[in-house]
Amino acid sequence: QVHLAESGGGSVQPGGSLRLSCVASTYTVSMAWFRQAPGKEREGVATVYYDGNTAYTKSVKGRFTISKDNAKKTLVLQMNDLKPEDTAIYYCAADSRLLGLGAGYAMWKYWGQGTQVTVSS
């Protein structure tokens, strides 16, 4: 069993920044950030692969940066230039298999409790 603990959500004005962190209880091969807005399906936001390569959903490219510290078992999502459409609950996900955003949220085994991000003026 892998436990994931997220932190860093909050409320900001459009154009603002937030930094989300996720600490895992043990090392996992794959980690990613997902988000779910009210009335919408959970979507993959960003992931970092075992070789350091990253992938982002189109709407956040150039604004969000994902990074992973394997020694600290920590996944970080730096979110800049936030927009109202970024408002959602953000979840950290992990799996012992090699997965990417294209796998879809149902494939990921371990989930954090979620942290609310609200972007509003």
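User: Which residues form a disulfide?
Analyst: In this predicted model, Cys22 and Cys92 form a disulfide, with their sulfur atoms 2.1 Å apart. The count for the structure comes to one disulfide.

User: Are Cys22 and Cys92 buried or exposed?
Analyst: Both Cys22 and Cys92 are buried.

User: And is the disulfide left-handed or right-handed?
Analyst: The torsion about the S-S bond of Cys22 and Cys92 is about -80°, so this disulfide is left-handed.

User: Now the rings. How many aromatic pairs are there?
Analyst: The search of the whole structure finds three. One of them joins Phe34 and Trp108: the ring centres are 5.7 Å apart and the planes are at 70°, so the pair is edge-to-face. Both Phe34 and Trp108 are buried.

User: What about Tyr91 and Trp111?
Analyst: Tyr91 and Trp111 also form an edge-to-face pair, at 6.2 Å centre to centre with 85° between the planes. Tyr91 is in strand β9 and Trp111 in strand β10, 20 residues apart. Tyr91 counts as buried because its relative accessibility is 12%, whereas Trp111 is partly exposed at 24%.

User: Which residues form the aromatic cluster?
Analyst: Phe34, Tyr91, Trp108 and Trp111 form one cluster.

User: Where does the charged end of Arg42 sit?
Analyst: The charged end of Arg42 sits over the ring of Tyr91, 3.8 Å from its centre. That charged end of Arg42 also sits over the ring of Trp111, 4.7 Å from its centre.

Methods: Residues numbered from 1 in each chain as written. Predicted model: local features only at pLDDT ≥ 70, side-chain atom pairs only at ≥ 80, totals over all residues. Heavy atoms only, no water. Disulfide = S-S within 2.5 Å. Buried < 20%, exposed > 50% of the residue type's maximum accessible area, 1.4 Å probe, protein only. Phe/Tyr/Trp six-rings, centres within 6.5 Å; stacked < 30°, edge-to-face > 60°. Helix = DSSP H or I, 4+ residues; strand = E, 2+ residues; numbered from the N terminus. Lys NZ or Arg CZ within 6 Å of the ring centre and 35° of its normal.
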